[in-house]
Amino acid sequence: MSEEKKYELWLDNYFFKPNFLQKSLAYMLLPLSILYASCAILNTFFRKKIDFKKPIISVGNLSFGGNGKTPLCKAIAREFDDVFVVLRGYKRKSKGLLVVKNDNKILCEVSQSGDEAMEYAFEDNIKGVIVSEDRVKGIQKAFDLGAKLVLLDDAFSQFHIKKLDILLESKIKPYFDFTLPSGAYRLPQFYKKKADFIALEDRDFLRFSFVKENPKAILVSAIAKPFRLHEHFIKARACYFFKDHYEFKKEELKNLLKKHNCDTLMLTFKDFTKVKDFGFKCQIIELNIELKDALKQKIKTYIKEFQS
């Protein structure tokens with residue numbers, strides 16, 4: 001196991017299943033967590049309030065990464081027409097505002113958009129995708145291009161934008177309720193009160209995944225919490241985990257396939273967007289979310305406010 005992979009595993013254990021030494025470290029870092037929380041709180045103030053007077057839905061979470069924001073946004077998009085997704089475009093090799101998809105046409109490569117944005121771009125029900133560090137500019141561009149509904153991926157902390165805030169909560173919660181670096185939270189827990197709807201897994205949405213067993217496949221994953229795929233580990237001959245948003249190298253994957261005498265990569269669609277041009281045989285792990293009635297009704301009631 002590489003040093004990078006060991007670090008990722010250590011970090012997962014530190015935030016979710018800490019041992020005695022990791023718990024001690026978390027308490028030692030509490031002064032830094034207090035400083036971080038103070039800066040994060042201050043960052044939510046002193047911004048001019050913006051009301052686009054059009055439907056904007058934010059899907060976010062208080063902790064970092066891997067809670068299912070992307071599949072939940074995709075599930076919401078399937079319920080409506082002319083949906084645009086606006087997101088930051090984490091780990092992309094571009095800056096500023098970039099239209100990734102418009103009028104169902106993909107306009108750039110995954111390196112410019114980032115893997116999450118490209119995953120959205122491949123979704124038939126999503127008309128457009130925009131990446132922008134400045135969400136206000138991204139939203140305005142989406143509406144200029146004909147969006148009837150804008151979905152914001154990971155914008156809960158953008159309190160200056162008037163929107164419907166859906167806060168995602170997973171069954172898998174961090175061990176401590178602290179903010180970074182002592183815990184996995186980016187904002188203190190009391191910020192939950194600012195959410196318009198707290199979506200709990202199994203109560204408000206169902207998460208499921210599927211892939212057929214394939215002894216000639218190796219499972220590779222570069223998502224934030226690969227242990228979410230645990231039920232599929234035994235379906236492949238071997239499993240390899242990389243850091244979130246990792247940029248796969250063709251020769252690296254080729255050597256792994258050769259090492260295990262396999263001919264297929266088993267991977268999520270997010271990972272597939274980065275290897276689709278490598279020429280490998282790929283088997284997609286389908287990750288889906290089904291909205292339950294309470295959440296679905298909350299969204300539809302919100303959107304109806306703009307149709308009267």
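This briefing walks through the fold, the strand pairing, the salt bridges and a few individual residues of the structure above. The model is a predicted one. The protein has ten helices and 13 strands. Its radius of gyration is 20 Å, close to the 19 Å that the globule rule gives for 308 residues, so the protein is as compact as a globular protein of that length.

**Overall build**

- Along the principal axes, the C-alpha atoms fill a box of roughly 60 × 50 × 40 Å.
- Of the 308 residues, 50% are buried.
- The accessible surface comes to about 15,600 Å², and carbon and sulfur atoms account for 55% of that surface.
- If you look at contacts between residues at least 6 apart in sequence, 71% of them join residues at least 24 apart.

**Strands E3, E4 and E5**

- Strand E3 (residues 98-102) runs antiparallel to strand E5 (residues 126-131), and three bridges join the two.
- E3 also pairs in the antiparallel sense with strand E4 (residues 105-106), here over two bridges.
- E3 and E4 form a hairpin with two residues between them. In the turn, Asp103 has a positive phi of about 55 degrees.

**Salt bridges**

- The whole structure holds 21 salt bridges.
- One of them joins the side chains of Glu133 and Arg92, with N to O at 3.0 Å. Glu133 lies in the loop between E5 and helix H7 (135-144), and Arg92 in the loop between strand E2 (83-87) and E3, so this pair ties together parts that are 41 residues apart in sequence.
- Asp154 and Arg186 form another salt bridge, their closest N and O atoms being 2.7 Å apart. Asp154 belongs to the loop between strand E6 (149-153) and strand E7 (164-169), while Arg186 belongs to the loop between E7 and strand E8 (197-200), so the pair ties together parts that are 32 residues apart in sequence.
- Arg186 counts as partly exposed, at 24% relative accessibility.
- Glu201 forms a salt bridge with Arg207, and their closest N and O atoms are 3.1 Å apart. Glu201 counts as buried because its relative accessibility of 12% is under the 20% cut-off. Arg207, at 26%, counts as partly exposed.
- Lys74, Arg78, Glu119 and Glu123 are linked in a network of salt bridges.

**A buried serine**

- Ser63 is found in the loop between E1 and helix H4 (69-77).
- Its relative accessibility is 7%, so Ser63 counts as buried.
- Leaving aside neighbours within four places in sequence, Ser63 is in contact with Pro174, Ala184, Tyr185 and Arg186. Arg186 is also the salt-bridge partner of Asp154.

- Leu42, Phe45 and Phe46 make a nonpolar surface patch of about 400 Å².
- Phe46 has its place in the loop between helix H3 (30-43) and strand E1 (56-60).
- Phe46 counts as exposed because its relative accessibility of 78% is over the 50% cut-off.

Note on methods:
Residues are numbered from 1 along each chain as its sequence is written. This is a predicted model: local features need pLDDT of at least 70, side-chain atom pairs count only at pLDDT 80 or more; totals for chains, interfaces and linings use all residues. Side-chain values use heavy atoms; hydrogens and water are left out. Two strands pair if DSSP finds at least two bridges between them. Helices (H or I, at least four residues) and strands (E, at least two) are DSSP runs, numbered from the N terminus. Patches are made of residues with over 30% relative accessible area and no salt bridge: like charges are joined within 9 Å, nonpolar side chains (Val, Leu, Ile, Met, Phe, Trp, Tyr) within 5 Å. Accessible areas come from the Shrake-Rupley method with a 1.4 Å probe; for residues, only the protein chains shown count as cover. A salt bridge is a side-chain nitrogen of Lys or Arg within 4 Å of a carboxyl oxygen of Asp or Glu. Buried means under 20% relative accessible area, exposed over 50%, partly exposed in between (1.4 Å probe, protein chains only). The radius of gyration is taken over C-alpha atoms; the globule rule is 2.2 Å times the number of residues to the power 0.38. Contact means heavy atoms within 4.5 Å.
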